[in-house]
Amino acid sequence: MNFDFSDDQKMLRTTAREFLEEHAPLSVCRAVLESDTPCSDTLWRGAAQLGWLGTAIPEEYGGAGLGHLELAVIAEEIGRALAPIPFSSSVYLATEAIVLDGTDAQKKQYLPRLSSGEAIGTFAHAERPGRQGPSSVSATLSAGRLSGTKMPVLDGDVAHFAVVTARTEHGLSLVLADLTGPGVKRRPLHSLDPSRSMAVLEFDNAPATVLGPEGRGWERAQALLDRAAVLMAFEQLGGAQRAFEITREYTMGRYAFGRPVASFQALKHRMADLYVEIELARSNAYYGAWALSNASPDLPTAACGCRITATDAFDLASREIVQMHGGVGFTWEYDCHLFYRRAKLLGTILGSADQWRERLIELLAATAPDTSHPAAQPYA
Amino acid sequence: MDFNDTAEETKFRAEARAWLEANAERLKPGDAAAVMSERGGSEVIVTAKQWQAKKADAGWACMTWPTEYGGRGASAIQAVIWHQEESRFRTPPNIFAIGQGMLGPTIMAHGTDEQKKRYLRPMLRGEEIWCQLFSEPSAGSDLGGLRTTAVRDGDDWVINGQKIWTTGAQYSQWGMILTRTDPTRPKHAGITYFIIDMKSPGIEIRPIKQINGGAVFNEVFFTDVRISDKNRVGAVGEGWRGAITTLMNERLSIGGGAGGPEFADLMRLARETDWNGRPALDDPAVRQRLARFYVRGKGLQYTGYRTLTALSRGAIPGPEGSIGKLVGAVLKQDMASFAMDVLGPAGAVTEPGIAPEEAAWQETYMGIPGLRIAGGTDEILRNIIAERILMLPPDVRLDKDVPFKDIPTGPRNA
């Protein structure tokens, strides 16, 4: 039994944390939030130089050739820092899509540039408000030309290309579309969390090519979302953990009625509950990372577990950081709202926790009863 | 990251399994309920003692105890592996757990050589059953507020008072009791710890009927009960140190493993129960609830894996174990409540022939409130997590330096 990261992976975490503490204090997130810039270019270049963008890209395509456990470690640190960079869009979604389904030519075309940070990719699926599924897509690809509107697209205004869901004569498919060429109009959208940008993308006969098996777009999109859900869970976990630590520190130092407010059971018990939720989410995330890096058939259910508990934990942590700070928690000046914003953004962008709960039961209902991993009950 | 056993662990597991295959009957899926209903009754004590002796002879008893006391000197991870394997077989309830898991380690840490020699081996073999006499009517979570007195009389001590919630007092040979020996000192400083013969004159045991109809625990009354000073564990007035040892070990031995039906059983129930012509499993509200249970259960299971990993690297089990009971008990209570809701009006029926799983959900629902209180209430566990793991400031304790006799305890009209 070894359910922990290796020493090398922990070393990577330390390096990543040190870099981000120096180059991405929360003031960097705030600066992007308060400005018109969509993300921090300096931080993006730094991430590229450290090789983070190519962590799970094979060496033959210009990546570091590490794996998803290493990527998970970095994702958690990105989450801790609330880093205002298009990491999740480009790395968990666009890069994964090409590694997963790209032809050799597509890999050669995209992966080295993704790894160096020269190219930023994103995933464009939603077209209108509501729960997203295969039938909510009306964009079309015909004779190599893509038409339709995608909204909202995370990092859609900074990405150079997008993996897009569209209908072809063979059915729903994934396609690759250049966002800097002809036939593409994009407009940044005001959003809940301006430290991560969003855009509406309009395609009007824009050149595009098919990615992966044509007509199996939803299945491939789902495989992609599963992978992203695991990695995003680490980002959410990092955010939740940081919010928790800030809350702890504040309540220890804030005195009322002659003692630290952290000494009141009303707060202590909530801190204990929050800690428990984060630890349960962490355990599910570890399992997801294991399933992802071992190509386990359990990945879809593991991804649901990751997504649901990480979303819920970050959601709770982001509410508690505001609430436990009291009045100052509601001010622009304190950092609490950065977490409150980011938690909700990340919690909606890959589908809500409710949606993933529905998917989880769909998966469990489709499998024969009682095929679970041998029970381990160390507390029993 | 790897879930598989190491080569050594694989070998150990195979050895354990082989012995169990040869000596016990394997559980089949859905057997959990049947095993629960086997609890209780004096014949259980006989079969439990036989099973314990058999294990002891083969070297599978008290795995982590040092070999000098008859244990195996096994690592924590080996103990877990053994437990995992044993739980796949139909075995009698472990009525020795309080002694072996909590009191034995306390005697090893604080007892005299003579006490270790006399008590540990029969405890290990299941020849003598032990009970823990800690809680009192006015001293539950605030254990240090206990009022049972021990007064020195020559080579003896004379005990008067009352204990409560004493599991197994009615069939125990020995008990370990916390008493107040000096009410003029602050509360934790005036406590002394003893081993007591439960058959001594002056002890009266009254079973307490519980909300689930069972009566595993008791009130125990002491009237001028005499104990030799040889049975004192630790120094006079130092009993609290021993109590802490016992409680630390209690946290390890009472966990989230509440037993009874599990998620797979709940899933089956939702598949098989008709909701107005459709399986309950088709209902979106049912699906949301099930998904919440599943991810919480998995979160606990994987948290267990993380603990195992730490243990396998030689870490000492810490207060993190509190998560297991805190989350596990409430989760089981919620699942049982939900199972009964799924059944509709029939959910309240407890006839084993009618209620699914031989009414194990109903039995779980009625039993779980006890687990949420025993060995530390949910609230105490939250305090432990907050103070011992998160290092938040301790609660304000008004009685800290006050002589015990001046501290109000219990109901004000008592």
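Which hand does the crossing of α9(A) and α11(A) have, left or right? The crossing is left-handed, a label for a near helix turned anticlockwise from the far one by less than a right angle, with clockwise counting as right-handed. This is a predicted model, in which local features need pLDDT of at least 70, side-chain atom pairs count only at pLDDT 80 or more, and totals for chains, interfaces and linings use all residues. Residues are numbered from 1 along each chain as written, chains are lettered from A in the order written, and side-chain values use heavy atoms without hydrogens or water.

**Helix packing in chain A**
- Helix α9 spans residues 299-325 and helix α11 residues 353-366; helices are DSSP runs (H or I, at least four residues), numbered from the N terminus.
- Their axes lie 9 Å apart, at an angle of about 155 degrees; axes are lines fitted to C-alpha atoms over the stretch in contact, and angles run from 0 to 180 degrees between N-to-C directions.
- The pair is therefore roughly antiparallel (angles over 145 degrees).
- Contact (heavy atoms within 4.5 Å) involves residues including Ile308(A) and Thr311(A) of α9(A), and Trp356(A) and Leu360(A) of α11(A).
- By class, this contact has 9 nonpolar, 2 polar and 4 charged residues; Asp, Glu, Lys and Arg count as charged, Ala, Val, Leu, Ile, Met, Phe, Trp, Tyr, Cys and Pro as nonpolar, and the others as polar.

**Cysteines**
- The structure holds 0 disulfides over all chains (a disulfide is a pair of cysteine sulfur atoms within 2.5 Å).
- Cys306(A) is in none; the nearest cysteine sulfur, in Cys304(A), is 9.1 Å away.
- Cys306(A) is buried, at 0% relative accessibility (buried means under 20% relative accessible area, with a 1.4 Å probe and protein chains only).
- The sulfur of Cys131(B) is too far for a bond, because the closest cysteine sulfur, in Cys62(B), is 17 Å away.
- Cys131(B) also counts as buried, at 0%.

Notes:
Buried means under 20% relative accessible area, exposed over 50%, partly exposed in between (1.4 Å probe, protein chains only). Helices (H or I, at least four residues) and strands (E, at least two) are DSSP runs, numbered from the N terminus. Angles under 35 degrees count as roughly parallel, over 145 as roughly antiparallel, 65 to 115 as roughly perpendicular and the rest as oblique.
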